[in-house]
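Me: I have a protein model open and would like to learn how to read it. Could you take me through it one feature at a time?

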Amino acid sequence: MTKSKMKKIVSSALVANLVIGSVITALPTQGAALENTPVGTSAENKIVSNLKATQNILKNTSFASTSTGITDWNVEQNSYSVTPPSVISPGTKGSDGWFDFGRTSIRPLGNGSVELHGTANSVIGVSQIINTIPGQTYTLSYDYNTTRFTTKAALVGTATYTEFIVSTSGVAFKSDSYPSGGSAGSRAGTSLVGKSGTITETFVATGKQTKVFIGGNLNSADKTNELFQTISNVQVLGTSTTQLDAPTLQPVKNKDLKITGSLNGSIDTLQEVQIYKNDVYVGTATVSGRNFEMTVSPSNVGDVYKAYAVDVWNVKSNPATQTVTASIVAPPTINAVTTDDTTVRGTVFQGNVCIIK
């Protein structure tokens, strides 16, 4: 007998997670990046302003240190001359907080200051390499305080100084030194307090990277005389004159495991490309030339990714934005159906749901 109606039954072989013709979603999973960092964490609070501003380009101005060095800073010295110093390995910090090099030593205090010690004649200080724009003017400033210097022999004075050197590719293009104590003359055996003050100078960058050295030195015929000087409130101020162009972010599907994009305009001052998902910081993309990419976890349809180009002043561009859309899946196949069949059979991609109408 011919059935007038075929009963529509969904085979268990066809059951999964996707409804063809309906909204497609994927469960989010934790990736290697910070995609699922909860709101309110430090990851959310990366860079939230794209306003141009004069900012201190120097890093770790607190002079926080480890047992083997001062983060972001190099130590430089010249043990037997007041000629320009060179980088030296900090070695291991002593229990008293000093990195000791024999005739010179340095003690980072972690409160925005670093203490220098030298024995005549010597130079001791710190340096840092910063990103700069050739032709751009920058302002260097710092406070110095000569807390103590000695004149151990009669009629033999000790001249003390604070100094800075600005260089590119090993070539100094601006430097100066300032008396910070004076010569004590005949006051033998005394321990004197020197001068304190603020040094402020401008320089015009000649390259994309500039090294800034700040230190102290002393000069005396008595090579046992000593200098103790504290440097604090170090700054190199510069203004981002041109906001970086917004990058291009390629379309993102919900099953994509990588997002990609490209940079536009000048990237001379580019520091990094930051990725956000639903306005929560995910991480920093890998940049190769003008292209960037980042590994991500599967997303939900409707999630919003944003990419920002960030310059060396931590000023970010306008965002490139992509809303996650559904990945296209292969259509199911249905076996031949006769009027006598009570079950429909076929195949569908694993993990999907097929509805028969």
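Me: Are Tyr276 and Tyr308 buried or exposed?

Reply: Buried means under 20% relative accessible area, exposed over 50%, and partly exposed in between, with a 1.4 Å probe and protein chains only. Here, both Tyr276 and Tyr308 are buried. Keep in mind that this is a predicted model, where local features need pLDDT of at least 70 and side-chain atom pairs count only at pLDDT 80 or more, while totals for chains, interfaces and linings use all residues. Residues are numbered from 1 along each chain as its sequence is written, and side-chain values use heavy atoms, leaving out hydrogens and water.

Me: How many aromatic pairs does a search of the whole structure find?

Reply: Rings of Phe, Tyr and Trp (its six-membered ring) pair if their centres lie within 6.5 Å; planes under 30 degrees apart count as stacked, over 60 as edge-to-face and the rest as tilted. The search of the whole structure finds six such pairs. One of them is edge-to-face: Tyr276 and Tyr308, with 5.4 Å centre to centre and 80° between the planes. Tyr276 lies in strand 19 and Tyr308 in strand 23, so this pair ties together parts that are 32 residues apart in sequence. Elsewhere, Tyr138, Phe173 and Phe203 form one aromatic cluster.

Me: Which ring does the charged end of Lys316 sit over, 3.8 Å from its centre?

Reply: A charge sits over a ring if NZ of Lys or CZ of Arg is within 6 Å of the ring centre and within 35 degrees of the ring normal. In this model, the ring at 3.8 Å from the charged end of Lys316 is that of Tyr308. Lys316 also lies over the face of Tyr276, at 5.2 Å from the ring centre.

Me: Now the strands. How many helices and strands does the chain have?

Reply: Helices (H or I, at least four residues) and strands (E, at least two) are DSSP runs, numbered from the N terminus. The chain comes to zero helices and 26 strands.

Me: In which sense do strand 19 and strand 23 pair?

Reply: Two strands pair if DSSP finds at least two bridges between them. Strand 19 (residues 270–277) pairs with strand 23 in the antiparallel sense, over seven bridges. Within that pairing, Val273 stands opposite Ala309 in strand 23. Strand 23 (residues 304–311) is mostly covered, with six of its eight residues buried. Strand 23 is also joined to strand 24 (residues 320–323) by four bridges, and these two run antiparallel. There, Lys306 stands opposite Thr321 in strand 24.

Me: What joins strand 19 to strand 20?

Reply: Four bridges do, and the two strands run antiparallel. Look for Lys277, which stands opposite Val280 in strand 20. The hairpin of these strands has two residues between them, and Asn278 takes a positive phi near 55° there. Strand 20 is mostly covered too: four of its five residues are buried.

Me: Why does Gly283 count as buried?

Reply: Gly283 counts as buried because its relative accessibility is 7%. Gly283 lies in strand 20 (residues 280–284). Contact means heavy atoms within 4.5 Å. Leaving aside neighbours within four places in sequence, Gly283 is in contact with Val273, Gln274, Ile275 and Met294.

Me: Which side chains does Gln77 join through polar contacts?

Reply: A polar contact is a pair of N or O atoms within 3.5 Å; within protein, one must be able to donate a hydrogen and the other to accept it, and residues adjacent in sequence count only if both atoms are side-chain atoms. The side chain of Gln77 has a polar contact of 2.9 Å with that of Ser79, and one of 2.4 Å with that of Thr104. Gln77 is in strand 4 (residues 74–78) and is buried, at 13% relative accessible area. Not counting residues up to four places away in sequence, Gln77 touches several others, including Pro85, Phe101 and Val123.

Me: And where is Ala153 placed?

Reply: Ala153 is in the loop between strand 10 (137–151) and strand 11 (158–168). Ala153 counts as partly exposed because its relative accessibility is 25%. Ala153 and Asp222 are 69 residues apart in sequence and 7.0 Å apart in space, C-alpha to C-alpha.
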